[in-house]
Amino acid sequence: MNDILRAVTPDGYVGFDEFGQLQAKEVEAKHTTSWIVWDVREKTCFICNHGWELNHKSFKDQYYWHDRKELIHESCFKRYRKLREWSMFFNAVVECNLAFPGGLKEVKNEYGAAWNLPWYEFKWKGAETFTIVIGRRKRVDHVEIKAPTEGYPGMPSLDYRMAEKCFSEEDVTKDFGPTSIMVHAHTDEKLKAYLKKFVRILGLEKPAEKVAE
Ligand SMILES: [Zn+2]
């Protein structure tokens, strides 16, 4: 990268090079990393309604949202995506019409997609032994029922034969066993449908719904 000839921040780590490109630099140990950045000095991020601070850390926290043609904070975009994803998952669980008293608990992303957004866990009332995991994995959602592998006497296991029956029509990645029933959902609608199948597999269907089938 080229040298900064004209700094625009007091720390000297953001400035224009000889070609008039704006750069942000970061020096760690002996390594210098540079990025070409947008000039966000006069801009306001429409998500948080704040601008950028005059230092390289703040300048690096920028994202050009192509669809909206707007410059925003990358951290704000990540929060927005996280909230949007959470909201989709939450609504899918709500549609199953069963109480999940602990809500959606944030857990580690087991896949590590580009934005590394969290995964979630919850338990349905009436089947507290088992944990449901939902999380984004590239272009699909990972949905899984996990049986405890320790701490429960008698080792409760999952009805994976029932799962095989319930998902026989679904031509997607799936993995069924006594301690885990896992499927990949390709759309939001599929995620909702699969969670409803999980309700059946766990024997949580309400009597009225059983009659209706
Ligand atoms: Zn912002």
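Let me begin with Asn49, which sits in the loop between β4 and α1 (56-60), where helices (H or I, at least four residues) and strands (E, at least two) are DSSP runs numbered from the N terminus. What we have here is a predicted model, in which local features need pLDDT of at least 70, side-chain atom pairs count only at pLDDT 80 or more, and totals for chains, interfaces and linings use all residues. Residues are numbered from 1 along each chain as its sequence is written.

The phi of Asn49 is near 65 degrees, a positive value in a residue other than glycine. Is Asn49 buried or exposed? Asn49 counts as exposed, because it has 8 C-beta neighbours inside 10 Å; the rule is that a residue is buried if 20 or more other C-beta atoms lie within 10 Å of its own, exposed if 12 or fewer, and partly exposed in between, with C-beta atoms placed from the backbone. Ala29 belongs to the loop between β3 (22-28) and β4 (31-36), and with 5 other C-beta atoms within 10 Å it is exposed.

Turning to the chain as a whole, there are five helices and twelve strands. The radius of gyration, taken over C-alpha atoms, is compared with a globule rule of 2.2 Å times the number of residues to the power 0.38; a compact globule of 213 residues would come out near 17 Å, but this chain has 24 Å. Along the principal axes, the C-alpha atoms fill a box of roughly 75 × 35 × 30 Å. Buried residues make up 20% of the 213 residues. If we call two residues in contact when their C-beta atoms, placed from the backbone, lie within 7 Å, then 42% of the contacts with a separation of 6 or more are accounted for by residues 24 or more positions apart.

Now to the interior. A nonpolar core here is a set of buried Ala, Val, Leu, Ile, Met, Phe, Trp, Tyr and Cys residues joined through C-beta atoms within 7 Å. The largest such core has 23 residues, and Val143, Ile145, Tyr194, Leu195, Phe198 and Leu202 touch the most other members. At least two residues of this core come from each of α2 (74-94), β8 (119-122), β9 (131-137), β10 (140-146), β12 (180-185) and α4 (188-201), and α4 supplies the largest share, six residues. Leaving out residues up to four places away in sequence, Leu202 touches Trp124, Ala127, Phe130 and Ile145. Apart from this core lies another, of six residues, among them Tyr13, Ala24, Val40 and Trp52.

Val143, for its part, is found in strand β10. Why does Val143 count as buried? Because 23 other C-beta atoms lie within 10 Å of Val143. With residues up to four places away in sequence again set aside, Val143 touches Ile134, Val183, Ala185, Leu191, Tyr194 and Leu195. By way of contrast, Val143 and Tyr63 are 80 residues apart in sequence and 30 Å apart in space, C-alpha to C-alpha.

Gly135, in strand β9, is buried as well, with 21 C-beta neighbours inside 10 Å. Its contacts, neighbours within four places left aside, are Asn109, Glu110, Tyr111, Trp119, Tyr120, Asp141 and His142. For Gly135 and Trp119, which are 16 residues apart along the chain, the C-alpha atoms are separated by 4.3 Å.

How do α2 and α4 pack? They pack at an angle of about 40 degrees, with their axes 9 Å apart, where axes are lines fitted to C-alpha atoms, for helices over the stretch in contact, and angles run from 0 to 180 degrees between N-to-C directions. Met88, Ala92 and Val93 in α2 meet Asp188, Leu191, Lys192 and Leu195 in α4.

Finally, Cys96 lies in the loop between α2 and β7 (105-107), and it counts as partly exposed, with 16 C-beta neighbours inside 10 Å. Cys96 touches Leu195, Lys196 and Val199, not counting residues up to four places away in sequence. The C-alpha atoms of Cys96 and Lys197, 101 residues apart along the chain, are separated by 9.5 Å.
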